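Here's a quick briefing to read alongside the model. Have the sequence and the 3D view open while you go through it.

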Amino acid sequence: MGTVLLRIAKEVDLAPSLLAKIILERHLALQAAESEPPARSYVNQLLKDPCQIPDPVLANEVQQCILNDCVYGPVVDSIRHSVGFEYENKLKRILEDKGIAFIGEDVMRAKGYDKTPDFKLEVPIAVDGHVVNWVESKASFGDEFSHRTYLRDQFWSYWNRFGPGLVIYWFGFIDELDVNADKGIVLMDRFPDSFSTLQALSDRDR
């Protein structure tokens with residue numbers, strides 16, 4: 001079903017959900033008595049449930065934009081979150097099967113850490129000569145833009161708090177991005193089949 005906003009989004013080459021958000025924010029600002037822009041939380045609430053938008057025509061336009069957007073928007077976010085959770089559980093099962101003790105995000109946050117990897121290893125492991133204290137699961141392809149953003153917002157923060165770690169891009173990554181292994185961030189597309197625990201290495205060297 002075509003709508004005005006969908007046609008405009010196609011003409012200007014803009015994601016339908018982003019256009020819907022812009023139009024909704026402008027509409028709410030015009031409807032408000034004060035000059036303050038609408039709260040972001042309120043806008044996001046309406047985007048998640050367009051039926052709450054008082055104007056029925058705009059509500060339908062926003063709904064169609066969200067349903068027909070395969071890149072952005074609440075529907076895509078829900079799918080992405082679900083896939084991410086699935087692969088995080090996959091990594092958890094792998095760690096358990098290999099007998100690697102770990103603590104999860106909930107426990108780390110309860111201890112007061114604001115930024116946490118998916119799993120903090122109780123005993124570090126060595127992978128290809130690199131020490132790994134934590135493992136992060138990413139159910140996505142590691143492209144240059146997303147990896148640079150993750151480095152800035154997440155990975156280096158983990159490194160500062162917990163030391164070197166391993167990032168798994170389950171759908172692969174650009175090989176040229178794997179340049180920080182010696183600095184403490186190893187990239188792989190699966191959990192390694194071969195690794196050693198630092199405790200085992202210590203016992204061997206005695």
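Arginine 152 and aspartate 153 join their side chains in a salt bridge, 2.9 Å from N to O (a salt bridge being a side-chain nitrogen of Lys or Arg within 4 Å of a carboxyl oxygen of Asp or Glu). Keep in mind that this is a predicted model, where local features need pLDDT of at least 70, side-chain atom pairs count only at pLDDT 80 or more, and totals for chains, interfaces and linings use all residues. Residues are numbered from 1 along each chain as its sequence is written, and side-chain values use heavy atoms, with hydrogens and water left out.

**Salt bridges**
- Arginine 152 is exposed at 57% relative accessible area, while aspartate 153 is partly exposed at 33% (buried is under 20%, exposed over 50%, partly exposed in between, with a 1.4 Å probe and protein chains only).
- The whole structure has seven salt bridges.
- Arginine 80 bridges to aspartate 77, with the closest N and O atoms 3.1 Å apart, and both lie in helix H5, three residues apart.

**Helices** (DSSP runs of H or I, at least four residues; strands are E runs of at least two; both are numbered from the N terminus)
- H5 (residues 74-97) has 24 residues and spans 34 Å from first C-alpha to last, close to the 34 Å expected at 1.5 Å a residue (1.5 Å times one less than the number of residues).
- Val76, Tyr87, Leu91, Ile94 and Leu95 are buried in H5, and their cover includes strands E1 (102-104), E2 (119-127), E3 (130-138) and E4 (165-169) (contact means heavy atoms within 4.5 Å).
- Just past H5, glycine 99 has a positive phi of about 70 degrees.

**Cores** (sets of buried Ala, Val, Leu, Ile, Met, Phe, Trp, Tyr and Cys residues joined through side-chain atoms within 4.5 Å)
- The largest nonpolar core has 18 residues, and Leu91, Val135, Leu166 and Phe191 touch the most other members.
- H5, E2, E3, E4 and strand E5 (185-188) each give two or more residues to this core.
- Apart from it lies another core of 16 residues, among them Leu24, Leu47, Leu58 and Ala59.

**Domains** (bounds come from an automatic or database domain assignment)
- The chain is divided into domain 1 (4-72) and domain 2 (80-203), whose C-alpha centres lie 37 Å apart.
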